[in-house]
Amino acid sequence: MELSTSELAGTPVIRIRGEIDHGNASTLSTAIDDLLNTEQHVIILDVTQVDYMDSGGISVLLSALRRLRERGWLGIINPNANVQRLFQIVGLALDSSFRVFDDNAAAEQALRETART
Amino acid sequence: MTHSHIAFSRSITVQPDTSQLYEVRRFVESVAADATLDSERTFDLMVAVSEACANAVEHSGSPGLPVKVKAACRGGRLVIQICDYGGFRLPSTANGFQRDHRGLGLPLMVALMDEVRIAKLSGGGTKVTLSVKLPAPALC
């Protein structure tokens with residue numbers, strides 16, 4: 001798994017590439033915690049290049065969501081169909097603070113709407 | 001041949017470390033291809049086996065006994081057994097889906113597989129059996 005960070009409309013984006021599992025999820029967790037500690041209201045994960053995720057990765061998302069829920073939301077860009085299915089099974093898809101976007105443009109629009117409110 | 005109904009049986013043994021999950025998934029991918037599973041069912045099986053192996057790694061503790069993953073095609077199903085030789089511990093479901101890091105593995109296995117069985121091995125250890133119906137049952 002490789003991580004790189006950038007920004008979208010002033011919000012941090014972590015781009016993840018590869019497979020997220022029980023063996024490497026702590027690396028992702030650390031990267032997210034670093035952002036959460038800077039009092040970010042929204043964090044975006046671009047998973048376009050993630051072809052596999054198991055409960056190691058899901059746990060990291062649940063932890064991030066728990067910390068973000070009071071102040072904002074967690075955005076996910078472009079999960080593949082299998083990963084989306086996992087989100088549905090574990091109930092993440094029903095969580096209003098967990099927002100899935102098809103692409104960067106959709107995420108950017110949501111960020112601008114959040115900034116206006 | 002006494003195994004005339006078995007199309008194949010393959011196994012892999014790995015050290016009890018979550019860094020080995022990547023290798024276990026390549027094994028699962030390979031047997032899933034042999035069993036003609038589509039990419040969706042292959043993904044489901046990779047997740048379920050990873051969850052079982054992650055539990056097995058946790059059970060194994062020190063001195064770190066290896067984890068064995070065995071795949072066989074039989075009765076119109078692809079059956080994968082994950083055995084660890086540590087102490088028996090029932091996978092926890094107490095925390096449910098939304099709460100925390102623990103407890104997601106078993107519910108995911110059950111949600112994704114056609115059948116999940118968990119057995120205590122004599123002499124210590126846990127055997128998890130996962131099975132998926134094949135798209136073409138005539139294969140085995």
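**Exercise 1. Which residues in H1(B) meet which residues in H2(B)?**

Before you start, keep in mind that this is a predicted model.

*Step 1.* Find the two helices in chain B: H1(B) covers residues 21–34, and H2(B) covers residues 39–60.

*Step 2.* List the contacts. On the H1(B) side you have Leu21(B), Val24(B), Arg25(B), Arg26(B), Val28(B), Glu29(B) and Ala32(B). Facing them from H2(B) are Thr42(B), Leu45(B), Met46(B), Val49(B), Ser50(B), Cys53(B) and Ala54(B).

*Step 3.* Sort the residues of this contact by type: nine are nonpolar, two polar and three charged.

*Step 4.* Now look at the geometry. The axes of H1(B) and H2(B) are 9 Å apart, and the angle is about 140°. Only angles over 145 degrees count as roughly antiparallel, so H1(B) is oblique to H2(B). Their crossing is right-handed.

**Exercise 2. Describe how H1(A) packs against H2(A).**

*Step 1.* H1(A), residues 25–36, packs against H2(A) at about 15°, and the axes are 9 Å apart.

*Step 2.* Name the arrangement. Under 35 degrees counts as roughly parallel, so that is the label for H1(A) and H2(A). The crossing of this pair is right-handed.

*Step 3.* Check who touches whom. Ala25(A), Leu28(A), Ser29(A), Ile32(A), Asp33(A) and Leu36(A) of H1(A) meet Gly56(A), Gly57(A), Val60(A), Ala64(A), Arg67(A) and Leu68(A) of H2(A). That contact splits into seven nonpolar, three polar and two charged residues.

**Exercise 3. Find out what salt bridge Arg69(A) makes, and which parts of chain A it ties together.**

*Step 1.* Look for the partner: the side chain of Arg69(A) meets that of Asp95(A), at 2.3 Å from N to O.

*Step 2.* Arg69(A) sits in the loop between H2 and strand E4 of chain A, while Asp95(A) is in the loop between H3 and strand E5, so the pair ties together parts 26 residues apart in sequence.

*Step 3.* Zoom out: a search over all chains turns up 15 salt bridges in the whole structure.

**Exercise 4. How do chain A and chain B meet?**

*Step 1.* Get the area. Together the chains bury about 1,900 Å², with 56% of it on carbon and sulfur atoms.

*Step 2.* Look for charged pairs. Five salt bridges are found across this interface. Asp21(A) also forms a salt bridge with Arg25(B), with their closest N and O atoms 2.9 Å apart.

*Step 3.* Zoom in on one helix pair. H3(A), residues 81–89, and H2(B) have axes that come within 10 Å and cross at roughly 55°. That makes H3(A) oblique to H2(B), and the crossing is right-handed.

*Step 4.* Name the residues. From H3(A), Asn82(A), Val83(A), Arg85(A) and Leu86(A) meet Ser39(B), Glu40(B), Phe43(B), Asp44(B) and Val47(B) of H2(B). This contact has four nonpolar, two polar and three charged residues.

Technical notes. Residues are numbered from 1 along each chain as its sequence is written. Chains are lettered from A and ligands numbered from 1 in the order in which they are written. This is a predicted model: local features need pLDDT of at least 70, side-chain atom pairs count only at pLDDT 80 or more; totals for chains, interfaces and linings use all residues. Side-chain values use heavy atoms; hydrogens and water are left out. Axes are lines fitted to C-alpha atoms, for helices over the stretch in contact, and angles run from 0 to 180 degrees between N-to-C directions. Helices (H or I, at least four residues) and strands (E, at least two) are DSSP runs, numbered from the N terminus. Angles under 35 degrees count as roughly parallel, over 145 as roughly antiparallel, 65 to 115 as roughly perpendicular and the rest as oblique. A crossing is left-handed if the near helix is turned anticlockwise from the far one by less than a right angle, and right-handed if clockwise. Contact means heavy atoms within 4.5 Å. Ala, Val, Leu, Ile, Met, Phe, Trp, Tyr, Cys and Pro count as nonpolar, Asp, Glu, Lys and Arg as charged, and the others, Gly among them, as polar. Buried area is the accessible area (1.4 Å probe) that two parts lose on being put together, summed over both. A salt bridge is a side-chain nitrogen of Lys or Arg within 4 Å of a carboxyl oxygen of Asp or Glu.
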